[in-house]
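Here is a short report to read alongside the sequence and the model.

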Amino acid sequence: MRARDKAAVSALRATLAALDNAEAVPLEEAATRGPALEKSPVGAGATEAARRELSERGVADIVRAEATERLEVAARLTAPAHADRVARLRAEATVLLRLLDGQGVS
């Protein structure tokens, strides 16, 4: 990846964040209220929750959703003042779709 490819960097960062969020396990409301402070778990990893494992298809679906979202936003921005943002969103979507096609980021 070229060091100056801002569209690729932006798209990949946002998509990695979306994947990270998808792996998160929602906490039960009761677990967040916990008992008294002195009964709270102590020690490294005491409050860690196991992450959800995403399948290859699940990852592809999230990447595709990120690309689709960018294309939809670009389609809604019709004012000439938004031309730069539209171009950036389309470039980001192209990067993500290339990843799905197996062409990678160059």
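Predicted model: local features only at pLDDT ≥ 70, side-chain atom pairs only at ≥ 80, totals over all residues.

## Ground rules and overall layout

Residues are numbered from 1 along each chain as its sequence is written, and side-chain values use heavy atoms, with hydrogens and water left out.

The protein has four helices and zero strands, giving the pattern α-α-α-α along the sequence. Helices here are DSSP runs of H or I with at least four residues, strands are runs of E with at least two, and both are numbered from the N terminus. Of the 106 residues, 21% count as buried; that word means under 20% relative accessible area, while exposed means over 50% and partly exposed lies in between (1.4 Å probe, protein chains only). Take the contacts between residues at least 6 apart in sequence: 68% of them join residues at least 24 apart, where contact means heavy atoms within 4.5 Å.

## Helices α3 and α4

Helix α3 (56–76) has 21 residues and reaches 30 Å from its first C-alpha to its last, close to the 30 Å expected at 1.5 Å a residue. The expected span is 1.5 Å times one less than the number of residues. Its buried residues are G58, I62, V63, E66, A67, R70, V73 and A74, and they pack against α1 and α4.

Helix α4 takes in residues 83–100, and its 18 residues should span 26 Å at 1.5 Å a residue; the end C-alpha atoms are 26 Å apart, which agrees. V86, L89, E92, A93, V95 and L96 are the buried residues of α4, and they pack against α1 (6–23) and α3. Just after α4, G102 takes a positive phi of about 85°.

Two packed helices are described by the angle between their axes and the distance between the axes. The axes are lines fitted to C-alpha atoms, for helices over the stretch in contact, with angles running from 0 to 180 degrees between N-to-C directions.

For α3 and α4, the axes come within 8 Å and cross at roughly 160°. That makes the two roughly antiparallel; the classes are under 35 degrees for roughly parallel, over 145 for roughly antiparallel, 65 to 115 for roughly perpendicular, and oblique for the rest. The crossing of α3 and α4 is left-handed, that is, the near helix is turned anticlockwise from the far one by less than a right angle (clockwise would be right-handed). On the α3 side the contact uses A60, V63, R64, E66, A67, R70, L71, V73 and A74, and on the α4 side R85, V86, L89, R90, E92, A93, L96, L97 and L100. By class that is twelve nonpolar, no polar and six charged residues. Here Ala, Val, Leu, Ile, Met, Phe, Trp, Tyr, Cys and Pro count as nonpolar, Asp, Glu, Lys and Arg as charged, and the others, Gly among them, as polar.

## Where α1 comes in

The axes of α1 and α3 come within 10 Å and cross at roughly 130°, so these two are oblique to each other. α1 passes α3 in a right-handed crossing. From α1, S10, A11, A14, T15, A18, L19 and A22 meet V59, I62, V63, E66 and R70 of α3. That contact divides into eight nonpolar, two polar and two charged residues.

With α4, α1 packs at an angle of about 65°, the axes being 8 Å apart, and that makes α1 roughly perpendicular to α4. This crossing of α1 past α4 is right-handed. A7, A8, S10, A11, L12 and T15 of α1 make the contact with R88, A91, E92, V95, L96 and L99 of α4.

R70 sits in helix α3. Is R70 buried or exposed? At 8% relative accessibility, R70 counts as buried. Not counting residues up to four places away in sequence, R70 touches S10, A11, A14, L89, E92, A93 and L96.

A91 is in helix α4 and is partly exposed, with a relative accessible area of 31%.
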